[in-house]
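Here is my note on the model you sent. Please read it with the structure open.

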Amino acid sequence: MRKAEEILIEILRSRGIVNSEDISEFLSPTPKKTYDPFLLLNMEAGVDLLLSEINNGTKICIYGDYDADGVTSICILSHILGMLTDNFTYYIPSRFEEGYGLNKEAVRKIHDDGTGLIITVDCGSTSYEEVELAKQLGMKVIVTDHHSIDNVRADCILINPRQKECTYPFGYLAGCGVAFKMAQAIIQKAGLPRSAVNDVLDLVAIGTVADVVSLTDENRTIVKYGLNKINGNSREAIVKLKEAISLPWITSENIAFGIAPHINAAGRMASARDAVELFRATDETSMTQKVNDLVHYNSLRKKKQEDAYNKGLEMLTGDEKFVVLHMDDIHEGIGGIVAGKLREASNRPVIIVTPSGEGMLKGTGRSVDNIDIYETLKRHEELFVKFGGHRSACGFLMDEGNLQSLQKALDADIDEMLLDDPGLFEINTFWDMELRPEEISIELAKELKKLEPIGQGNPKPVFKLKAVELGGLRFMGAEKTHAGFTASTPEGRVDCVLFKKAQEVKGLLTSAEPVDLVGTVELQSWRGRDRVQFIVEEIM
């Protein structure tokens, strides 16, 4: 029987973390993997321009996105700029009226407000026309971003690790990660206290996890230190948000499924400014009100999301190759989430389009693992007025008259892909390694905790229990959709729980024949006592 530590090391090696130095760094509670911010292309020029403009008394505007990455990016730079000047403001476009990224109307508003320098965060890399307008109006522009860059790029100081010319050692920073590197550079150049870096680590951790970037390399370092800061309760606004959503201790999963959705709900249901103002608030009354607002927005988001999801399910026929749904009556702010849930239900890429006024449609899409939705839609870029995204998600604006052409083009694309790969839509059950029931212990569960923070690029380990006998079956829940049981071999057994699927696999659960289980190892703590469970995801 393998020891818990041996199993952990085997998992790390299967993920490419092989030598002792890398293993030590990966597991260290105080990792050291971080890089000089001035290795980012154009960072020195950007910081020099910013400090020069501050010295000249120029008004500065931080322009960010309306999601958690954009919100935290704005708060990070605001904190650092606030140590140097009070002559700055921020701008977040409306998801509903302006859409993602820089737009010309906003640029004109910012100019009319007396701004001389715009710094973008989490957007702007491909905003060539908008940057040109800003320059024509007499403003200077620094773009900080992390999104993919095509042939069109903003002609200004552009700080983005995705640039081909950029030799920064890690290319997967979130938007807030790039803002954080700029904050580090400002602190160095301006001679600010190094402690200022620590002041914003909690915000960088939240934005990094929320934006689903790889939690490896420098991102892992950032998030580990950020989680320590969050759980040290040093920022009262986060303490109040934690309390409001009943999260006494924060992990990366708690950010992904608790904190981030509440921040995002502000931009989806009202204005992302509410989330920014929560983190910028200094008095308890304002913090409490903003937290209550975010909780309300998230509750509203969940209700509208569920309604829209059910409507979407009714629209599916089951014969779709690439799902494109025209949904007139859903809340525009939850289109992306609903597209993601419908993708899971149908195992097909899904686009939802909603009316956007003046004969235009706004679209948001989510894709399955084997289809790059960004590259697929980019083949038909002539159909869009605006278009952007990445491998798994996209957004666009188009004339409603082009919708039928888009559907036909995407169906043809899928036909072509299926000719090359008939298994395009097959769902393969994956596991990291096989375990035996007797190897699943409290010690193993504690060793696996060392893999935190868990997320994109560093998923929770999945295990297979082979040829186990089930016993002690009990169905749970009002509709008996959950089940608890034991899985055993002659050498040992482990307690198991299966959620939601119990009735679907009732035959296998009640069979006398051995089965294979795939799932995760979880440590359960209750009133000071620990126990280990195997959370079943698949039964075969």
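1. Ground rules. This is a predicted model, where local features need pLDDT of at least 70, side-chain atom pairs count only at pLDDT 80 or more, and totals for chains, interfaces and linings use all residues. Residues are numbered from 1 along each chain as its sequence is written, and side-chain values use heavy atoms, with hydrogens and water left out.

2. Tyr63 and Tyr91. The structure holds six aromatic pairs. Rings of Phe, Tyr and Trp (its six-membered ring) pair if their centres lie within 6.5 Å; planes under 30 degrees apart are stacked, over 60 edge-to-face, the rest tilted. Tyr63 and Tyr91 are stacked, at 5.4 Å centre to centre and 15° between the planes. Tyr63 is in strand E1 (residues 60-64) and Tyr91 in strand E2 (residues 88-91), 28 residues apart. Helices (H or I, at least four residues) and strands (E, at least two) are DSSP runs, numbered from the N terminus. Both Tyr63 and Tyr91 are buried; that means under 20% relative accessible area, with exposed over 50% and partly exposed in between (1.4 Å probe, protein chains only).

3. Tyr374 and Phe387. This pair is also stacked: 5.3 Å centre to centre, 15° between the planes. It links helix H16 (residues 373-378), which holds Tyr374, to strand E9 (residues 384-389), which holds Phe387. Tyr374 is buried, at 6% relative accessible area. Tyr374, Phe384, Phe387 and Phe396 form one aromatic cluster.

4. Charges over rings. The charged end of Arg220 sits over the ring of Phe26, 3.6 Å from its centre. Lys341 lies over the face of Tyr309, 4.8 Å from the ring centre. The test is NZ of Lys or CZ of Arg within 6 Å of the ring centre and within 35 degrees of the ring normal.

5. Helix H11 (residues 236-244). Which residues are buried here? Ala237, Ile238, Val239, Lys240, Leu241 and Lys242 are. Note the two lysines, Lys240 and Lys242, on that list. Among the elements covering the buried residues are helix H9 (201-210) and helix H14 (284-315); contact means heavy atoms within 4.5 Å. Ser246 follows H11 and has a positive phi, near 55°.

6. Lining of the second largest pocket. H10 gives the most to this lining, with four residues. By class, the lining has twelve nonpolar (Ala, Val, Leu, Ile, Met, Phe, Trp, Tyr, Cys and Pro), seven charged (Asp, Glu, Lys and Arg) and five polar residues (the others, Gly among them).
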